[in-house]
Amino acid sequence: LVMMVPVPATVQQRLESIGWECTTPVDRADAEAQLASADACVGKLDPILLAAAPRLRWLQATSAALDKFWFPELRASSITVTNLRGIYSDFIADHVMGFILSFARGLHHYNRFQAAGRWEPSAPVHYLAGATLLIIGFGGIGTEVAKRAQVFGLKVVAVDPQPRGTPESTIPLFPPARLAEVLPHADFIVLTAPHTSETEFMINERTLACMKPTAFLINVGRGMVVRLESLVTALRSGTIAGAALDVFEHEPLPPDHPLWKMENVIITPHCAHQSAALEARRNDLMVENARRFLHGEPLLNVVDKQRGYVV
């Protein structure tokens, strides 16, 4: 097992205890040499490294999002790719609810008032019970958002290309082709979709124009799903009421970007996934997949290499 990224010694010990021989390359030349006899790899490859790994059967990515992971040779290969989907779904869902509650109770305004020393109980508030939440990308994160939102009385609908959930699920699920039909009914729109050729700039001038002027857009998925220039225009013109963004078309967001100074915008620096429990979950998933591989059991989080995400 070639580790293209450093892992704690305790994790390497766990891998070795279940039967793996683990190596960590010291440089690129060493990586090519070690990949020549590798059955599996943790990390990211490029075409040259892939060509140096004729025996490779399994590649464990070190993230859930894989928008910068792919190249034609990898997609065409027989290598099974797995990712880290699911290990931070609940953390990100909590972040989303923080955004929703901030907008609902006017906390984004009161934070600014506090910084200015202003006693001004005038921020607009929104009653959540009965409001409609649209989740675009109903995977692990979207499912966790839905669980939390329903507790607050929000009506949840979702857009996703894959049917999910159980037959008794009460959440209506629409295909992406019906997005423009669903958007006008949403009070909160949450983006948890991956970045693919189908989702790139899905939120643009046309789709923003479909939203209510009282709607709030929240993006914790991938930055390239939202065209920021169109969003800035929509926020300035009142096409939508506000936006909360954890991911951006360009990161880090430039300090002179107009979004920073907009009073109806909440910005966090791509940190929605953070938690003290994250590293342990990441390591546990990697070790469990390594165990499954050795025993010929189905791996967790197998990615559809053509679509670029777990189906």
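Contact here means heavy atoms within 4.5 Å. With that cut-off, take the contacts in the chain between residues at least 6 apart in sequence: 59% of them join residues at least 24 apart.

A word on what we are looking at. This is a predicted model, where local features need pLDDT of at least 70, side-chain atom pairs count only at pLDDT 80 or more, and totals for chains, interfaces and linings use all residues. Residues are numbered from 1 along each chain as its sequence is written, and side-chain values use heavy atoms, leaving out hydrogens and water.

Overall build next. The chain has 11 helices and 13 strands; these are DSSP runs, H or I of at least four residues for helices, E of at least two for strands, numbered from the N terminus. The radius of gyration is 22 Å, close to the 19 Å of the globule rule for 311 residues, so the chain is as compact as a globular protein of that length. That radius is taken over C-alpha atoms, and the rule is 2.2 Å times the number of residues to the power 0.38. Along the principal axes, the C-alpha trace spans about 65 × 45 × 30 Å. Of the 311 residues, 49% are buried, meaning under 20% relative accessible area with a 1.4 Å probe, protein chains only.

Now the sheet. In what order do the 7 strands of the open sheet run? The order is S7-S6-S5-S8-S9-S10-S11, and the pairing is parallel. Pairing requires at least two DSSP bridges between two strands. Strand S7 (173–174) and strand S11 (265–267) are the edges; each has a single partner strand, so one side of each lacks a neighbour in the sheet.

S6, residues 155–159, pairs with S7 over 2 bridges, in the parallel sense. Val 159 has Phe 174 in S7 as its bridge partner.

Across to S9, residues 216–219. S9 and S10 pair in the parallel sense over 4 bridges. Phe 216 stands opposite Gly 242 in S10. From S10, residues 242–245, Gly 242 and Ala 244 point one way, Ala 243 and Leu 245 the other, and all are buried.

Last stop: Phe 188. This residue is found in strand S8, residues 188–191. Is Phe 188 buried or exposed? Phe 188 is buried, with a relative accessible area of 2%. Leaving aside neighbours within four places in sequence, Phe 188 is in contact with residues including Ile 100, Phe 103, Leu 128, Leu 154 and Phe 216. Gln 150 is 38 residues away along the chain from Phe 188, and their C-alpha atoms are separated by 13 Å.

Note on methods: Buried < 20%, exposed > 50% of the residue type's maximum accessible area, 1.4 Å probe, protein only.
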